[in-house]
Amino acid sequence: MTEPRSTQALLASGIVKRFGDRVALGGIGFEAGPGEVVAVIGPNGAGKTTLLTILAGITEPDEGSVESSGGGVGWVPQQAALYRRLTVGENLLLFARLQGHDDPQAKVDQMLELTGLAERQGDQVGSLSGGNQQRINIAVGLMADPAVLLLDEPSVGLDPAQRARLWQFILGLVKTGTAVVFSTHDIQEAERYAERIFVVADGSGVFDGTATELREAVVTPAGPDGNGVDLETSFLAFLKKAGH
Amino acid sequence: MRWLLLKDLQILRRSPVQLALLIIYPIAIALLVGFSLTRGPEQSTVALYNAMPAGETLGFGGEELDGDEIRNQLCDRVECIEADSTEEATSLVESGDATAAVIVPEDLGEKIASLAGFNPQRPEITVVVNGSSAVENEIVDDRIDAMLAEANQLIAGRLAEGGKQYLNLILEGGDFTIVGQQIEILGLKNTKALLAEVQSEVRDPVQKEKLERAIRFATLATENLDLADPILTAISQPVVADKVEVGNEAPGLDTFAIAVTATFALMFVTVLLVAGSLALEKEENAFTRLTAGLVTRGQILAGKLGLGTIVGFAVVLILLASLAAFVPIQWGRAPIWILAALLGAMAFAAVGAALGAATREVRAATLAAVMLCLPFALLSLVPDDAVGPLIETVITVVTAAFPFRPALDALTGGLEISGPSVWLPMLHLLILVLIYGGLARIALRRF
């Protein structure tokens with residue numbers, strides 16, 4: 001991953017990924033600016049996770065390039081990638097050490113303050129709620145002070161209250177200039193939190209714009225009360241129109 | 001890598017059951033093996049009914065054996081229960097209180113004595129066994145056969161001794177008591193001397209020739225019967241084994257048992273721990289995060305090999321230290337068996353890593369570890385001479401692909417100076433570390 005030539009925090013172009021004969025991604029371009037929140041949506045098997053893992057540098061693309069600004073990319077997998085038998089503090093300390101921080105304990109303290117879980121630092125991760133585990137999961141992704149944070153379906157399995165607290169935490173990061181890119185199946189979540197929506201279908205980027213622009217891209221019938229339709233209906237109509 | 005290793009040790013510490021098992025398992029195994037090495041085989045219980053009249057002795061060849069001696073001969077080898085009748089002895093066997101019963105008949109002394117007489121009869125004892133346990137029957141049969149063989153050898157020796165006394169009487173002459181009457185036996189040597197004396201006084205050439213033939217016979221008989229003594233001795237013990245050991249001295253059975261125990265413990269603990277630990281990285285989704293720029297796959301593999309080597313070695317050390325309470329451990333050879341244990345642990349850790357990387361699930365890794373380890377270990381224990389040359393070659397080739405046999409050889413050699421050479425098995429272990437480590441590294445590519 002190299003420094004982007006533009007002012008974007010993350011810039012990917014011509015990304016191709018094949019698994020055997022199957023083309024998972026067929027030449028996708030993607031970008032995210034500093035402090036921007038981008039939702040990546042699409043049907044199952046569309047290539048969302050593959051795109052995110054390539055953007056995170058975990059999977060090598062067959063073709064194309066990915067560039068990120070200083071600070072690199074933080075990766076938060078869908079399921080908490082933490083050691084359940086270690087405590088919150090031990091997990092954070094391990095990853096701080098692996099990141100090579102000069103003062104790993106200071107980084108741990110910073111992350112505990114950020115997540116609001118300082119008082120739980122002695123608890124084993126396995127004993128935490130799903131929401132709190134996800135906060136630690138994200139904190140580990142932030143450990144390297146990345147310019148871009150990539151989250152793969154971050155709110156899966158969380159109840160509405162936990163989800164709200166999680167997004168409060170993520171949006172706090174955005175204020176510090178961190179670009180946030182997340183994949184989701186929850187269209188309402190994408191509409192509520194993302195400034196921009198990137199639609200992936202059959203390995204191609206088929207839409208890149210705001211929720212309003214997605215609605216405008218298709219003509220959909222009015223709702224039962226005569227008002228505009230929800231974004232999910234527009235999204236489905238868009239996919240149908242695009243032949244997906 | 002050290003932080004990954006520290007993390008694995010922290011996780012191990014967090015699992016009290018696993019940690020307790022790692023400490024208790026080698027100690028428990030050492031206790032079991034230690035007790036079995038220091039205790040002899042359990043004695044069988046045998047009911048003994050001696051129907052010989054009190055005070056009667058078994059006399060032959062001028063020597064006598066009384067009832068107490070018969071009893072002692074038997075009860076030295078088995079635990080005896082005295083019975084007062086054949087029925088009581090049999091019921092003790094039927095009830096399971098005794099594994100077998102030995103019934104000495106009333107006329108045993110008479111029949112043994114008859115062996116030295118002109119009308120020998122075959123002495124017999126009766127053995128009653130309970131047929132419900134095949135294994136126990138086999139053990140009792142073996143012990144009774146051994147006792148009978150010993151008794152027969154004793155009787156044969158004493159009969160030969162008696163025979164030699166009779167022959168000596170025929171040769172040299174002397175007094176012989178039969179049915180309370182003392183008879184004087186002239187003896188061949190005296191006969192020859194008498195005949196020679198008479199021959200000198202006989203003038204008739206025909207009579208002289210007849211006496212000459214009688215003297216020749218007496219001379220020949222005397223010379224040949226002189227040979228009977230060593231022949232009778234030889235008959236009483238026809239074959240004597242003169243054991244000569246060639247080649248390297250084999251290690252003691254205790255050393256081999258200790259090495260087998262240590263290798264088994266090392267194998268199971270190390271392979272299962274490393275396979276499970278590596279598969280856990282996948283199950284806890286940590287592998288992807290770790291390899292996303294934090295550490296390389298090679299570093300993760302090295303961390304797991306380090307974990308397996310440290311824990312496996314610690315288990316061997318605990319086991320040997322516990323066994324030292326029962327059997328002597330050659331601490332002076334510690335540098336050699338420590339090196340053998342470390343290399344063995346490393347090789348088993350590499351096998352565990354390959355399994356963990358290939359299966360990617362803790363349960364599958366555990367199952368695969370057990371299914372792989374047991375057959376290889378058991379095959380490695382098949383003695384070379386127990387199978388034909390073709391099967392022996394197959395077993396040698398197959399077991400060479402797994403660290404059990406070289407680890408066993410290295411540990412046996414490390415524990416005892418007369419054991420197999422340690423350097424070749426150690427080199428073998430090192431090669432297996434590289435092979436299985438390489439396989440694990442390949443499997444980690446698609447982990």
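Helices (H or I, at least four residues) and strands (E, at least two) are taken here as DSSP runs, numbered from the N terminus. The structure is a predicted model, in which local features need pLDDT of at least 70, side-chain atom pairs count only at pLDDT 80 or more, and totals for chains, interfaces and linings use all residues. Residues are numbered from 1 along each chain as its sequence is written, while chains are lettered from A and ligands numbered from 1 in the order in which they are written.

In general, most residues other than glycine have a negative phi. Asp145(A), which is not a glycine, has a positive phi of about 50 degrees. Asp145(A) is placed in the loop between α4 (130-142) and β6 (148-152) of chain A. A residue is called buried if 20 or more other C-beta atoms lie within 10 Å of its own, exposed if 12 or fewer do, and partly exposed in between, with C-beta atoms placed from the backbone. Because 15 other C-beta atoms lie within 10 Å, Asp145(A) is partly exposed. In chain B, Arg360(B) also has a positive phi, near 65 degrees. Arg360(B) belongs to the loop between α13 (334-359) and α14 (362-380) of chain B. Arg360(B) has 18 C-beta neighbours inside 10 Å and therefore counts as partly exposed.

Chain A contains 8 helices and 9 strands. Of its 244 residues, 46% count as buried. Two residues are in contact if their C-beta atoms, placed from the backbone, lie within 7 Å. Among the contacts in chain A with a separation of 6 or more, 69% come from residues 24 or more positions apart. Arg215(A) lies in helix α7 (residues 211-217) of chain A. Because 21 other C-beta atoms are found within 10 Å, Arg215(A) is buried. Arg215(A) and Phe235(A) are separated by 20 residues in sequence and by 7.4 Å in space, C-alpha to C-alpha.

The strands of chain A were examined next. Strands of a sheet pair through backbone hydrogen bonds, either parallel or antiparallel. Two strands are taken to pair if DSSP finds at least two bridges between them. An open sheet of 3 strands in chain A has the order β2-β1-β4, with antiparallel pairing. Its edge strands are β2 (22-32) and β4 (63-68) of chain A, each of which pairs on one side only. Direction ignored, neighbouring strands of this sheet are turned by 20 degrees against each other on average. Strand β1 (residues 10-19) of chain A is joined to β2(A) by 8 bridges, and the two run antiparallel. Opposite Arg18(A) stands Val23(A) in β2(A).

Strand β3 (residues 37-41) of chain A is mostly covered, since 5 of its 5 residues are buried. Val37(A), Ala39(A) and Ile41(A) point one way from β3(A), whereas Val38(A) and Val40(A) point the other way. In a regular strand the side chains alternate between the two faces of the sheet. β3(A) pairs in the parallel sense with strand β7 (residues 179-183) of chain A over 4 bridges, and Val180(A) in β7(A) is the bridge partner of Val37(A). β3(A) also pairs in the parallel sense with strand β8 (residues 196-201) of chain A over 4 bridges. Phe198(A) in β8(A) stands opposite Val40(A).

In chain B, one pair of helices was considered. Axes are lines fitted to C-alpha atoms, for helices over the stretch in contact, and angles run from 0 to 180 degrees between N-to-C directions. The axes of helix α7 (residues 188-201) and helix α8 (residues 205-225) of chain B come within 9 Å and cross at roughly 160 degrees. α7(B) and α8(B) are therefore roughly antiparallel to each other (angles under 35 degrees count as roughly parallel, over 145 as roughly antiparallel, 65 to 115 as roughly perpendicular and the rest as oblique). The residues of this contact of α7(B) with α8(B) comprise 9 nonpolar, 4 polar and 4 charged. In this classification, Ala, Val, Leu, Ile, Met, Phe, Trp, Tyr, Cys and Pro count as nonpolar, Asp, Glu, Lys and Arg as charged, and the others, Gly among them, as polar.

The contact between the chains takes 15 residues from chain B and 19 residues from chain A. On the side of chain B that touches chain A, two or more residues are given by each of α1 (2-14) and α11 (286-291) of chain B. The largest share of that side, 5 residues, comes from α1(B). By class, the side of chain B that touches chain A has 6 nonpolar, 5 polar and 4 charged residues.
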